[in-house]
Amino acid sequence: RVVHDVWAEPRAPLISHGHQQGFASEFIWDGARDYAGLLGTELCLDFWAAVPLHAANGYSRALLAWAVEFLSRRWASGPLLRLAVCATMALVRLPAALQPEDGADTADAARERQDALYNLRVECPVK
């Protein structure tokens, strides 16, 4: 259980530049830029006390399997790896229409495809 008086003054997990220069300065380094996880720890502990790990994992894997199947059918493609080796994320091959014609690709072309997919509410890194 989280002790509430500890939350009165959260400190960065290491002493680095910005130490004792205020909350933002202590947490501005890349490893701690987002302190939402720190602020949500108590709620997270409550969640894991209420939901068994095997149930959460089962739900995540079932949702992943459904999403991979959905995208694979919709895009007439398939996963790049077997689901048995995936935990909570998977790679699904892009549709043929989005593949470069000559097999060569550029960073700009990949970025354009990624932006086009994002506009269709598909968030994925295209490499």
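## A pocket and its surroundings

In this predicted model, the second largest pocket holds about 210 Å³ of space. Its lining is made up of Phe70, Leu71, Arg74, Trp75, Pro95, Leu98, Leu117, Leu120, Arg121, Val122 and Glu123. Sorted by class, the residues that line the second largest pocket comprise eight nonpolar and three charged ones, with no polar residue among them. Helix 4 is the element that contributes most to this lining, supplying four residues.

The chain as a whole has five helices and zero strands, so that its elements, read from the N terminus, follow the order α-α-α-α-α. The table collects values for the whole chain.

| Property of the chain | Value |
|---|---|
| Share of the 127 residues that count as buried | 17% |
| Share of contacts between residues at least 6 apart in sequence that join residues at least 24 apart | 24% |
| Accessible surface | about 10,100 Å² |
| Share of the accessible surface that belongs to carbon and sulfur atoms | 59% |

Helix 4, which spans residues 53-75, also includes Ser72. Is Ser72 buried or exposed? Ser72 has a relative accessible area of 10%, and it counts as buried because this value is under the 20% cut-off. When neighbours within four places in sequence are left aside, the residues in contact with Ser72 are Ser77, Gly78, Pro79 and Val92.

Conventions:
Residues numbered from 1 in each chain as written. Predicted model: local features only at pLDDT ≥ 70, side-chain atom pairs only at ≥ 80, totals over all residues. Heavy atoms only, no water. Helix = DSSP H or I, 4+ residues; strand = E, 2+ residues; numbered from the N terminus. Buried < 20%, exposed > 50% of the residue type's maximum accessible area, 1.4 Å probe, protein only. Contact = heavy atoms within 4.5 Å. Areas by Shrake-Rupley, 256 points an atom, 1.4 Å probe, with all protein chains shown as cover. 1 Å grid on protein atoms, 1.4 Å probe; cavity = no way out; pocket = protein on both sides within 12 Å on 5 of 7 lines; lining within 4 Å. Points joined across faces, edges and corners; volume = space filled by probe spheres on them. Nonpolar A, V, L, I, M, F, W, Y, C, P; charged D, E, K, R; others polar.
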